[in-house]
Amino acid sequence: MMEAPTYLGTDIAGLMHAARAEARRIVEGNKGDMISDHKAILDRLEAAELITDDEVQTLLGLYKLGFEAGEGKADPQRAFFESREIYGKLAAGGKASPVALVVASAAVGSFEISVSPEGSTTVSIARVSYGSSLAGIGAGIGSLLGGPAGGVLGGAIGGLLGGIVDDKKGKK
């Protein structure tokens, strides 16, 4: 029989409370500065040795691309292709941590590609996309429960939930 460690307090309500409490702590600490919020999330992942300092810088750059596109300060289509290129280099480099890859993937997945009735491609992103941030928070909480593998699973779930939040908020 396989031995699996038992964790106290890992019920869904407890995890939801922990995620909300962490999100509130980060937001209050950064006084609404979304980029600083995301940097704080990434710093927590680095402190837990789930990502490296270089990966923090890369992931922060990805977040900024999406944030600026959502704020109308950058072209969403160009930001999408640039984000996809950065993710591709990270993935193909062979040295990226699994947690960095899942957070980067969520950043790229925050963009939505659609085709108009006329056949032209449109790229959009929510004004403030939560895919990347929730992937980071999910990775942090998941790693507490299951180490790096838990971080990857938590990051994937967080990124998915962030995409759902983005869809509910609507696109700019």
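In these legends, a residue is called buried when its relative accessible area is under 20%, exposed when over 50%, and partly exposed in between, using a 1.4 Å probe on protein chains only. The model shown is predicted, so local features need pLDDT of at least 70 and side-chain atom pairs count only at pLDDT 80 or more, while totals for chains, interfaces and linings use all residues. Residues are numbered from 1 along each chain as its sequence is written, and side-chain values use heavy atoms, with hydrogens and water left out.

**View 1. The whole chain.** Welcome to the protein chain, which holds six helices and two strands. Helices (H or I, at least four residues) and strands (E, at least two) are DSSP runs, numbered from the N terminus. Followed along the sequence, their pattern is α-α-α-α-α-β-β-α. The chain has 172 residues, and 37% of them are buried. Contact here means heavy atoms within 4.5 Å. Among the contacts between residues at least 6 apart in sequence, 64% join residues at least 24 apart.

**View 2. The largest nonpolar core.** A nonpolar core is a set of buried Ala, Val, Leu, Ile, Met, Phe, Trp, Tyr and Cys residues joined through side-chain atoms within 4.5 Å. The largest one has 20 residues, and those with the most contacts inside it are L42, L45, I51, L59, L62, V99 and V103. Two or more residues of this core come from each of α2 (34-47), α3 (53-70), α5 and α6 (131-169). Helix α5 gives the most, with seven residues. Look for V99: leaving aside neighbours within four places in sequence, V99 is in contact with L45, L50, I51, A139, P148, G151 and V152. There is also a second, separate core of seven residues, and A69, A79, F80 and V108 are among them.

**View 3. Helices α2 and α3 side by side.** Two packed helices are described by the angle between their axes and the distance between the axes. For α2 and α3, the angle is about 155° and the axes are 10 Å apart. Such axes are lines fitted to C-alpha atoms, for helices over the stretch in contact, with angles running from 0 to 180 degrees between N-to-C directions. This angle makes α2 roughly antiparallel to α3; the wording is roughly parallel for angles under 35 degrees, roughly antiparallel over 145, roughly perpendicular from 65 to 115, and oblique for the rest. The crossing of α2 and α3 is right-handed. A crossing is right-handed if the near helix is turned clockwise from the far one by less than a right angle, and left-handed if anticlockwise. On the α2 side, M34, I35, H38, K39, L42, D43 and E46 meet D53, V56, Q57, L59, L60, Y63, K64 and F67 of α3. The residues of this contact divide into eight nonpolar, two polar and five charged. In this sorting, Ala, Val, Leu, Ile, Met, Phe, Trp, Tyr, Cys and Pro count as nonpolar, Asp, Glu, Lys and Arg as charged, and the others, Gly among them, as polar.

View 4. H38 is found in helix α2 and is buried, with a relative accessible area of 0%. E49 sits in the loop between α2 and α3. With a relative accessible area of 71%, E49 is exposed. E49 also has a positive phi of about 60°, although it is not a glycine.

**View 5. Helices α4 and α5.** The axes of α4 (residues 76-92) and α5 come within 9 Å and cross at roughly 165°. That makes α4 roughly antiparallel to α5, and their crossing is left-handed. Here F80, S83, R84, Y87, L90 and A91 in α4 meet A100, L101, A104, S105 and V108 in α5. By class, this contact has eight nonpolar, two polar and one charged residues.

View 6. L101 belongs to helix α5 (residues 98-109) and is partly exposed, with a relative accessible area of 22%. Beyond its neighbours within four places in sequence, L101 is in contact with Y87, L90, A91 and A96. L101 and Y87 are 14 residues apart along the chain, and their C-alpha atoms are separated by 7.5 Å. V108 lies in helix α5 too, and V108 is buried, with a relative accessible area of 13%. Residues up to four places away in sequence aside, V108 touches F80, S83, R84 and Y87.
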